[in-house]
Amino acid sequence: MAIIEAHQIRKSYGNLEVLHDVDLSVREGEILGLIGPSGSGKSTLLRILDLIEPPNSGKLSIFGIDTVKDHGRWLDLRRRMGMLFQRPIVFNASVYDNVAMGLRYRGTSRDDIDRKVKEALEAVGLSRYVKSRATDLSGGEQQRVALSRVLVTDPEILFLDEPTANLDPTSTATIEAIVTRLNREANMTVVISTHDLAQGQRLAHRVGVMIEGMIAQTGASREIFHEPKDRRIARFVGVQNIIPGRVVSRSDGLAVVEARGKQILSATPTPGEEVDMVIRGEDISLHRREPGFEEAENLFPATVTTIEPTAPFVNVTVHCGCDLAALVTARRAETLGLHDGMQVWVSIQAKAVHLIPRVQSG
Amino acid sequence: MVNGNPIIEGLVEAIELIVTLNPQVVEITIRSLYISLTATFFASLIALPLGALIYFYEFRGKRAVVSTLQTLYALPTVIVGLLVFLFLSNIGPFGFLRLLYTPGGMIVAQTILIIPLLMGLTVAALSGIDRDKRYTITALGASRLQTVMTIIAEARFAVMAGVLLGFGRAIAEVGTVMIVGGNIRGATRVLTTAIALNTSMANYSLSIALGIILLGVALGVNIALSLVQRR
């Protein structure tokens, strides 16, 4: 069942439209990752879903309640959710009082507050700071205080807005571990925005890519990484090779795409005649000698043009009519003895050649 | 004594006056503190809620109100003195209160003088609470009233700094208390007016003594201010 259902959400600030027609549904008990470049509207969307600010138009139902009609229930709904922001926010008070804030707003009894606050601080490893002034703590510690402040209120939905950007690895790991555990044990629904693709992949069951104020694609993270729906998504998920081409024939689920006179096999369904081939650098293998031919594989000779180390990988650009960027491990590059102008054999599995429709002017 | 420098003599005598707790010096100091503290109290009572109201409510011309307040920070004290004088004098609408030339009238004048400053600084203090903090308060499930209370509590030190500045301006000003109080010995004479008068009468030792005390008060305010701002 969808715990959050958003349709055609729009939000502008002055003349700046930050969200256009966002459609999103979040299932109960899942961790949904929202990834996208800075300024794509992730934070704004999270604030709207958490009912911190209203959208300009669109439909939004949370826990099955229509929030557009039922404005009077916003406070109640908000008290069933929680949000952690990117910048660690603490108030000028003791750590204890900071963590107790949400419970005090809800009129929780003193004894319960005392018990819950101490438990929560224990869980994030900050018990020894109970009486310290929260503003005196480090950024990572402050963020852990902020997380406990949210968690003591037992939210059914937790929103995390880039919660670990600029945090030290220990605090990041603590926060990720707690979120994963709560999701598993308490079935807490989590929506986490991040521009860290790896974090999205690590935590989320499902990923939504946000680009320019819209949800451009949702799916399993594997799908997003290997089968981006368009050029912008492909760029964002770090695809090195986007090559325009034309489908010239199809047979047995294999399409032949012609690009600069070279024919390349693709195993993905063709979205049309004019396509862009999307090939991840790590799916391109380089060989010193011609390897044995495998089925459904592209195999051709090429010339190495540039070698750029980006530890622990090496970015190798080869020329074969068009330029291809391959990602090779540093060790493999050494074994191959790569150098500029060297002749190599390139192999790419047909499965690794993903086709997207070409947008003119795109 | 005959050949001594009057300034050095005055300084020595001034210290004597302070150390021996000269009754006149003590009386003037206590009156000064009483009037300015009371004025600061009443001004806070009026200006802090009004400042909060301006901050929390959206209305047309809000920006104009805030910039007017900021202009009034530098309200010339003699102008306030003149206006309050006219209002409290026998020909004015509040003449029947008989507050002219009384400490009560001086309190009124100083209160009016520092209200814009306190209001403006309250708005500034509350505006200092950033957007993310307000979002956090909302996200934690605060009601409207709880939100207001939390923001005020969070801005308490900045508001206190504003109140201290207001007190500093009240106790150091001479224009309104001179016009409205009349500098009557034993009744409305305060530190600043006493210094002005005694200096013009070449009674330097008393002036210097009162000056040292006034500086001491200013220093005290400053120390309190820096303590508050460090929070």
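At what angle do helix 2 and helix 8 of chain B pack, and how far apart are their axes?

## Helix 2 against helix 8

Helix 2 (residues 23-56) and helix 8 (residues 156-172) of chain B pack at about 140°, with axes 9 Å apart. Helices here are DSSP runs of H or I, at least four residues, numbered from the N terminus. Axes are lines fitted to C-alpha atoms over the stretch in contact, and angles run from 0 to 180 degrees between N-to-C directions. This is a predicted model: local features need pLDDT of at least 70, side-chain atom pairs need 80 or more, and totals for chains, interfaces and linings use all residues. Residues are numbered from 1 along each chain as its sequence is written, with chains lettered from A and ligands numbered from 1 in the order written.

Helix 2 of chain B gives B:S32, B:S36 and B:L48, among others, to the contact. Helix 8 of chain B gives residues including B:V163, B:G166 and B:F167. Contact means C-beta atoms, placed from the backbone, within 7 Å. The contact residues divide into 9 nonpolar, 5 polar and no charged. Nonpolar means Ala, Val, Leu, Ile, Met, Phe, Trp, Tyr, Cys and Pro; charged means Asp, Glu, Lys and Arg; the others, Gly among them, are polar.

## Around B:L210

B:L210 touches B:V25, B:I28, B:L191, B:A194 and B:I195, not counting residues up to four places away in sequence.

## Chain B meets chain A

The contact takes 13 residues from chain B and 19 from chain A. On the chain B side, helix 6 (131-139) and helix 7 (144-154) each give two or more residues. Helix 6 of chain B gives the largest share, 6 residues. By class, this side has 4 nonpolar, 5 polar and 4 charged residues.

How values were computed. Contact = placed C-beta atoms within 7 Å.
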